[in-house]
Structures are given as C-alpha cells and as structure tokens.
Amino acid sequence: METKGDFINLTKELFNSQKLAVLSTQYGGQPYSNLMAFAHANELRLLIFVTNRDTHKYRNISAENKVSVLVDSRKHELTDFEDAIAITAFGTAKEVTSDEWKTLAALYLEKYPYLEDFVNKPSNALIKVDITDLFIARFDSVHILHLED
C-alpha cells in the first residue's frame, strides 16, 4: 500500500519531469483551459507560471481565483492506459507580490532559463497557485492528498 510520502515523491518526480501543464480557470460559470509552462515550490504547496496580463486566463484569475492544474505522464501509446498518471492540483491563484517576485521568478527560471525575456516582460505577470489538494489518478484509482493538514 502506498503512503502519503510515496504519493508526494511520485508527484515531485512528475512535476520535475514535465514542462507543460493544463491550467483550468473559470469565468461566468464556464471553464477555460490553457497549456502553460510551470514550476513547483514549497514542498508541492505552490505552482508558478507566467502569463501576459492581456489574456483570458489572467482576467479569469482576477475575477475568480480558484483554479486547477493538470500534469500528466502520457506518451500517447497504448501503455498509457495502464501506466499513465495524471495529477490535478486544486488551489487559489494570484499575481506574485514584489516581496516574493525575485525568489519565485528565480525558481521558475531555474527550470526555464530560455524564458527569461518572457518572465521579465513588463506586460507579463508571475502567478502563484497555493495548492490545497492533489488528486493523483491512475487508470483505475484516484488518491487524494490534502496539503492544508
């Protein structure tokens, strides 16, 4: 039987190995999803991404800050039905304040050094997602980790 520590390690491995995630926001009762580059911090309690302030996702987060982020291991092969893992992080998103901007931007750029110009563009925002729960799904099972405990 897998322990909470096993699921934490599995999640860290997946988040470290993947470059893209699916961010889901909402506005007016409608879901809206985007691919985005992401990084994680603070023992999986924080996800970080960058977006232009003139986007639907930024406006949606400004209006309703509850989001989900999906990261998966699929390879688009038949083995995905047995081997793929999908982890959905639920939390609240907000633009990073000046106090934490430098530290979180450095974490993001550690994973994506080639996005430095994008991160530093004045029209872009560094967004953090404070994660409350992780849903770890395999083909035939789902495990829930509550991180606020």
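In this predicted model, the buried residues of helix H4 are covered by elements that include H1, strand E2 (30–37), strand E3 (39–41), strand E4 (46–52), helix H5 (116–120) and strand E7 (124–138). The buried residues in question are Leu104, Ala105, Tyr108, Leu109 and Lys111. H4 itself runs over residues 98–111, and the distance of 21 Å between its end C-alpha atoms agrees with the 20 Å that 14 residues should span at 1.5 Å a residue.

Among the buried residues of H4 is Tyr108. Leaving aside residues up to four places away in sequence, Tyr108 touches Ala37, Phe38, Ala39, Ile48, Phe49, Val50, Leu115 and Val119.

Helix H1, one of the elements covering H4, comprises residues 4–17. From its first C-alpha to its last, H1 reaches 20 Å, close to the 20 Å expected for its 14 residues. Phe7, Ile8, Leu10, Thr11, Leu14 and Phe15 are buried in H1. Viewed down the helix axis, the buried residues of H1 fall within an arc of 165 degrees, so they line one face of the helix. An α-helix has 3.6 residues a turn, so residues three or four places apart point the same way. Glu13 and Asn16, on the other side of H1, are exposed.

Nonpolar side chains tend to be buried together in soluble globular proteins. Here, the largest nonpolar core has 43 residues. Strand E7 supplies the largest share of this core, 7 residues. The residues with the most contacts inside the core are Phe15, Phe38, Leu47, Tyr108 and Leu134.

Notes. Residues are numbered from 1 along each chain as its sequence is written. This is a predicted model: local features need pLDDT of at least 70, side-chain atom pairs count only at pLDDT 80 or more; totals for chains, interfaces and linings use all residues. Side-chain values use heavy atoms; hydrogens and water are left out. Helices (H or I, at least four residues) and strands (E, at least two) are DSSP runs, numbered from the N terminus. The expected span of a helix is 1.5 Å times one less than its number of residues. Buried means under 20% relative accessible area, exposed over 50%, partly exposed in between (1.4 Å probe, protein chains only). The arc is that of the directions from the helix axis to the C-beta atoms. Contact means heavy atoms within 4.5 Å. A nonpolar core is a set of buried Ala, Val, Leu, Ile, Met, Phe, Trp, Tyr and Cys residues joined through side-chain atoms within 4.5 Å.
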